[in-house]
Amino acid sequence: MSGQLIIFWIVTLVTVLSAATVVFSKNLIYSAVALLFTLLGVAGLYVFLWADFIAVTQILIYVGGILVLIIFGIMLTHRITSVRLSHSSMQRGIGGAIVLMIFVGLTSMIFRAPWYRVAAVEPQETVRQIGRLLMVDYLLPFEVASVLLLAALMGAALLSRKVN
Amino acid sequence: MVDLNTYLVIGALLFSLGIFGVITRRNGVAVLMGVELILNAANVNFVAFARFGGMDLSGHIFSLFVIILAAAEAAVALAIILNIYNNMGTINIDEADQLKQ
């Protein structure tokens, strides 16, 4: 087993185990910290998939932005000094059964489907091509995304301000 | 080296765990964390198909858009959760069953 493979399985294990902690932990703060490790692990998987730019974006936006937002959400909705930051789950039995069925269905589909595969060569650089694609082939979605971000910004600001 | 199926199974695992979080958690913020897991699962699939399925860099672009949407979604969802907390004093999504107080 090569070193690369060992690191891959470590990253996978960290990702999946901390994702399980996010869902099963009784403490909301533990869930948030486990989510941090899940997101970092997914960034590691992107590196193994030759997606360096996506990996960095994942760390910048998810870990630096969304996770901080989520922790803000936790802090603002619980009084930290007096708190039970614990949170419970409901109907774990039924939920677990449904999710198990979904997982088994997905896995059997994955191993049965004749995926279209291409032997790709490792790209020398991805950033230049991603920039070209964004500005040429995907220009309209790019602009729509900017409008969407503006709308989300204004919506969030409007929703969270104090009403007089 | 690692095959396409391995990444797809990892994506399926993350997706299942995310669904489990969404349908069993009572806390609004925890439901949001489940949604983030689901989006990450989709992203892993996109990038895996970009690497193995001949989707090339279009897969990367799609996962970039998913990340952008996740950021917008997290901001708006947290604003809504804060509003629910201010109005009802709880973020238990079972109790937040009215549009107005």
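How far apart are the end C-alpha atoms of α6(A), and what should its 22 residues span at 1.5 Å a residue? At 1.5 Å a residue, α6(A) should span 32 Å, and its end C-alpha atoms are 32 Å apart, which agrees. The expected span here is 1.5 Å times one less than the number of residues in the helix. Helices are DSSP runs (H or I, at least four residues), numbered from the N terminus.

Before going on, a word on what you are looking at: this is a predicted model, in which local features need pLDDT of at least 70 and side-chain atom pairs count only at pLDDT 80 or more, while totals for chains, interfaces and linings use all residues. Residues are numbered from 1 along each chain as its sequence is written, and chains are lettered from A and ligands numbered from 1 in the order in which they are written.

**Helix spans**

| Helix | Residues in helix | Expected span | End-to-end C-alpha distance |
|---|---|---|---|
| α1(A) | 22 residues | 32 Å | 31 Å |

A residue is buried if 20 or more other C-beta atoms lie within 10 Å of its own, exposed if 12 or fewer, and partly exposed in between, with C-beta atoms placed from the backbone. α6(A) is hardly covered, with one buried residue among its 22, whereas α1(B) is mostly covered, with 15 of its 21 residues buried.

**The two sides of α1(A)**

In α1(A), the buried residues are A:T12, A:T15, A:S18, A:A19, A:V22 and A:V23. Seen down the helix axis, they fall within an arc of 145°, so they line one face of α1(A). That arc is taken over the directions from the helix axis to the C-beta atoms. An α-helix has 3.6 residues a turn, so residues three or four places apart point the same way. On the other side of α1(A), A:G3, A:I6, A:W9, A:I10 and A:L13 are exposed. The cover over the buried residues includes α2 of chain A, along with α1 and α2 of chain B.

**α2 against α3 in chain A**

The axes of α2(A) and α3(A) (residues 52-77) are 8 Å apart, and the two helices pack at an angle of about 170°. That makes α2(A) roughly antiparallel to α3(A). For reference, angles under 35 degrees count as roughly parallel, over 145 as roughly antiparallel, 65 to 115 as roughly perpendicular and the rest as oblique. The axes are lines fitted to C-alpha atoms, for helices over the stretch in contact, and angles run from 0 to 180 degrees between N-to-C directions.

Two residues are in contact if their C-beta atoms, placed from the backbone, lie within 7 Å. Residues of α2(A) that meet α3(A) include A:L28, A:L35 and A:Y46, and those on the α3(A) side include A:D52, A:Q58 and A:I74. The residues of this contact divide into 20 nonpolar, one polar and one charged. In this scheme Ala, Val, Leu, Ile, Met, Phe, Trp, Tyr, Cys and Pro count as nonpolar, Asp, Glu, Lys and Arg as charged, and the others, Gly among them, as polar.

A:F37 also lies in α2 of chain A and is partly exposed, with 17 C-beta neighbours inside 10 Å. Leaving aside neighbours within four places in sequence, A:F37 is in contact with A:V14 and A:S18.

**Where the chains meet**

How many residues of each chain take part in the contact between chains A and B? There are 68 from chain A and 59 from chain B. The largest share of the chain A side, 14 residues, comes from α3(A). By class, that side has 46 nonpolar, 20 polar and two charged residues.

B:I67, in α3 of chain B (residues 56-88), counts as buried with 20 C-beta neighbours inside 10 Å. Not counting residues up to four places away in sequence, B:I67 touches A:T57, A:Q58, A:I61 and A:Y62. B:R51, found in α2 of chain B, is buried with 24 C-beta neighbours inside 10 Å. Beyond neighbours within four places in sequence, B:R51 is in contact with A:L49, A:W50 and A:A120.

A:W50 itself sits in the loop between α2 and α3 of chain A. This residue has a positive phi of about 65° although it is not a glycine, and it is partly exposed, with 17 C-beta neighbours inside 10 Å.
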